[in-house]
Amino acid sequence: MSAIMLCSCSGDQSRFEDLPRSPESLATRDFSANSNNSKIASRETTPDDNQVNEVESDLRETLSLNYEEARALLGRLEHQRGNFDAALHVLQGIDIKSLRPRMTSAIAESMKPRGPPRSSRRKTSQVNGMQIHMSMHSVSLLLEAILLKAKSLEGLGRVTDAAEECRTIIDIVESAWPYGVPEGTSEDCKLIEMFHSALEYLPKLWMRSGCFEEAIIAYRRALVKQWNLDSQRFANLQKDLAVTLLYCGAEVEFPQEFAQKGKAPVNSIEEAILLLLILTRKLSLQEIKWDPDLVNHLMYALSLSGHYEVLASHLEMLLPGTYTRSERWYVLALCYSAAGMDDSALNIIRNGFCVLERKGKPHIPSLLLGAKLCCKNPKHASEGIKFANKAMESFRSRDMHFISVVNHFLGVCYGPFSRSSTSPSDKLRLQDDALKLLQDAASMEKYNPEIMYSLAWEYAMQRKLNAAVESATECLEMVMGGSVSAWKLLILVLSAQQNLQEAEAVADIAIDEADKDDQLDILRLKAQIQASRGQLKSAVESFRILLATIQSKKEVWKLTTCDEVITLQKLEMDVWLDLASIYTKLEAWHDSSICLDKARSINFLHPRCLHVKGLLLQAQSLHQEALMAFSSSLSIDPDYVPSMVCMAGILRDIKGNSLPIARTFLRSALRLDPTCHRAWLDLGLVLKSEGSVLEAAGCFQAAYELRELSPIQDFSEQLPVMLN
């Protein structure tokens with residue numbers, strides 16, 4: 001019935017019997033000898049008036065109906081009814097392979113200037129029932145048939161076959177327009193509509209079939225040429241490609257012919273980041289609709305590559321109202337903190353805290369982040385206590401995990417805060433509070449390695465070394481030996497127990513357990529242990545291996561994040577200074593100077609560089625020059641304790657009116673670091689020279705006890721929070 005209706009509606013009133021027949025013909029399928037079945041089928045599949053009108057409109061435009069067009073129209077009707085099997089059966093009768101050259105030629109010639117009209121279109125347009133020149137309407141109808149065939153295959157679960165069919169549409173159009181849609185092409189053209197639908201549909205089919213590489217190729221193919229997609233559809237394709245590159249796990253090399261000025265993304269992550277940066281810029285310019293997922297994907301992509309400053313700059317570009325002020329400040333602080341710019345992150349938290357506190361609406365995640373940032377710097381301990389207490393007051397629920405987190409931050413901040421107290425009684429009370437808070441946090445979350453690490457660090461700072469060893473060991477068991485920070489802390493605690501042989505053995509185990517990139521700090525500790533044991537040749541050899549490893553990493557610094565480069569540079573500087581100190585002890589002045597120059601070439605104004613220079617000059621009895629070097633070190637960092645102690649030592653040797661100045665330096669040093677045994681010893685000598693014998697005796701006693709508990713590297717050089 002459908003076929004008869006279509007034929008009766010054609011411009012030349014051609015009968016259905018005049019159509020070419022084949023084993024797949026409509027007549028043999030839909031009109032068998034069984035008339036009863038035919039009637040039942042016709043009643044079940046009778047199209048509504050709208051569908052008939054649409055078919056009639058199509059036929060009036062073409063003025064004639066050939067075999068392929070009839071099947072295309074019937075296939076459309078079957079697909080609209082949801083009868084995918086019947087639609088596929090009808091559409092499979094169209095031989096697209098033989099029609100493809102004519103379709104390509106028709107599309108290519110559609111934009112060429114047309115000649116004078118022919119007198120008899122029907123005579124020149126058909127030969128033996130076959131159309132020589134194919135109209136754009138016919139091409140559009142056939143492209144629609146291919147698209148409907150792909151959708152029918154998808155509906156029947158044959159997704160890969162559907163993708164292959166859909167790709168045919170793009171191949172045909174791209175063959176005709178190899179450089180994109182020509183200028184002057186009407187946007188309302190049905191061919192363009194079918195083509196755009198295929199561009200969006202093909203990668204989704206490949207994704208559904210699990211062929212991620214093909215999906216990425218299809219997305220790139222849709223984006224690389226000017227296909228006249230509107231801005232929103234183009235942005236949607238860019239977003240889908242970025243998401244696929246980020247999460248599918250496939251790595252497809254970027255084609256060099258797509259690269260601009262010879263520059264191409266080196267991997268999928270970089271390509272995804274570039275796409276997301278383009279999209280966020282469009283968001284900020286309001287060229288496309290707001291999509292919060294874009295920013296979330298960009299955060300994830302940049303966090304994978306370590307470009308947190310870039311993320312922060314793009315977040316600042318977003319218009320007000322995109323995020324609430326508290327969320328915006330919080331995310332920006334996270335970005336700067338991850339980029340190693342803790343001071344900038346803390347300033348953002350401070351500003352947000354002041355504004356929100358005036359409104360009476362504290363942002364708890366920001367308060368917790370502020371407390372954590374303060375934990376990393378002892379100078380901000382009091383501020384960290386304020387943030388943590390405010391978070392505890394603002395959080396109404398008595399959630400055990402939240403209380404454990406707050407107690408953890410409070411315990412970490414109470415430790416440095418106690419050591420800055422001038423009152424001995426307050427100092428003892430605050431130290432006890434710090435341990436109690438950390439112990440409570442550990443009891444609430446028994447398998448939290450970060451809390452256990454902070455507890456071990458506080459035990460070590462209070463020189464409760466046995467408890468520190470137990471906590472550090474328990475932390476390593478929790479992470480199965482996967483924390484370099486915990487290994488370093490355990491090695492330092494063992495060295496403070498003067499168990500250097502066991503500390504070196506643990507360092508060897510840690511080197512075997514750690515990743516190649518994490519072995520460097522542990523190798524430096526091992527070299528320092530060897531130097532403390534008097535094995536100077538072994539120590540120099542360990543430092544040589546360490547420097548060679550760092551040198552090899554310099555060759556790939558272009559592929560290394562900024563934070564990693566800064567960390568490696570600081571480590572290299574420390575190694576050169578360690579070597580300079582060893583050569584100074586050996587009175588190898590020339591070698592020591594060479595090592596010192598290497599370190600200063602990395603960071604000329606670092607206080608430790610000037611301090612080691614002062615030690616070298618002092619060892620050569622050049623006291624005035626050494627005094628100037630220590631003074632320069634303190635001018636850069638007024639709280640640098642080693643230079644304070646050494647400067648006081650030189651002033652003590654000078655005696656005379658310099659003793660009060662030396663005493664002031666030493667008391668300031670002990671206020672900053674009460675565990676510095678060298679400062680206690682020199683203070684005792686100064687007091688003895690001034691006649692305060694009893695007070696000097698107490699200083700000597702403290703110096704002796706602390707010397708027996710001194711690690712090879714100050715515990716304060718390790719952060720109280722576990723980073724890795």
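Trainee: In which helix is the place of His 408?

Mentor: His 408 lies in helix α21, residues 400-419. Helices here are DSSP runs of H or I with at least four residues, numbered from the N terminus. This is a predicted model, in which local features need pLDDT of at least 70, side-chain atom pairs count only at pLDDT 80 or more, and totals for chains, interfaces and linings use all residues. Residues are numbered from 1 along each chain as its sequence is written, and side-chain values use heavy atoms, with hydrogens and water left out.

Trainee: Is His 408 buried or exposed?

Mentor: Buried means under 20% relative accessible area, exposed means over 50%, and partly exposed lies in between, with a 1.4 Å probe and protein chains only. His 408 has a relative accessible area of 7% and is therefore buried.

Trainee: Which residues does His 408 touch?

Mentor: Contact means heavy atoms within 4.5 Å. Not counting residues up to four places away in sequence, His 408 touches Leu 438, Ala 441, Glu 450, Ile 451 and Ser 454.

Trainee: How many residues of α23 are buried, and against which helices do they pack?

Mentor: Helix α23 is mostly covered, with 12 of its 13 residues buried. Those buried residues, among them Ile 451 and Ser 454, pack against α21, α22 (424-444), α24 (465-478) and α25 (484-496).

Trainee: What span should α23 have?

Mentor: The expected span of a helix is 1.5 Å times one less than its number of residues. For the 13 residues of α23 (residues 449-461) that gives 18 Å, and the end C-alpha atoms are 18 Å apart, which agrees.

Trainee: Which residue caps the N-terminal end of α23, and which residue with positive phi follows the helix?

Mentor: A polar contact is a pair of N or O atoms within 3.5 Å; within protein, one must be able to donate a hydrogen and the other to accept it, and residues adjacent in sequence count only if both atoms are side-chain atoms. Asn 448 is the cap: a side-chain oxygen lies 3.0 Å from the backbone nitrogen of Glu 450. After the helix comes Arg 463, with a positive phi near 60 degrees.

Trainee: Against which helices do the buried residues of α14 pack?

Mentor: They pack against α12 (212-224), α13 (231-247), α15 (292-305) and α16 (308-317). In α14, 12 of the 17 residues are buried. Asn 267 caps its N-terminal end, with a side-chain oxygen 3.3 Å from the backbone nitrogen of Ile 269.

Trainee: How many aromatic pairs does the ring rule give?

Mentor: Rings of Phe, Tyr and Trp (its six-membered ring) pair if their centres lie within 6.5 Å; planes under 30 degrees apart count as stacked, over 60 as edge-to-face and the rest as tilted. The count comes to four aromatic pairs. One of them, Tyr 247 with Tyr 300, is stacked, at 5.2 Å centre to centre and 20 degrees between the planes. This pair links distant parts of the chain, with Tyr 247 in helix α13 and Tyr 300 in helix α15, 53 residues apart. Tyr 247 is partly exposed because its relative accessibility is 41%.

Trainee: Which residues touch the most other members of the largest nonpolar core?

Mentor: A nonpolar core is a set of buried Ala, Val, Leu, Ile, Met, Phe, Trp, Tyr and Cys residues joined through side-chain atoms within 4.5 Å. In the largest, of 178 residues, they are Leu 143, Trp 177, Leu 315, Ile 522 and Phe 715. A second, separate core has 27 residues, including Ala 626 and Cys 646.

Conventions
Helix = DSSP H or I, 4+ residues; strand = E, 2+ residues; numbered from the N terminus.
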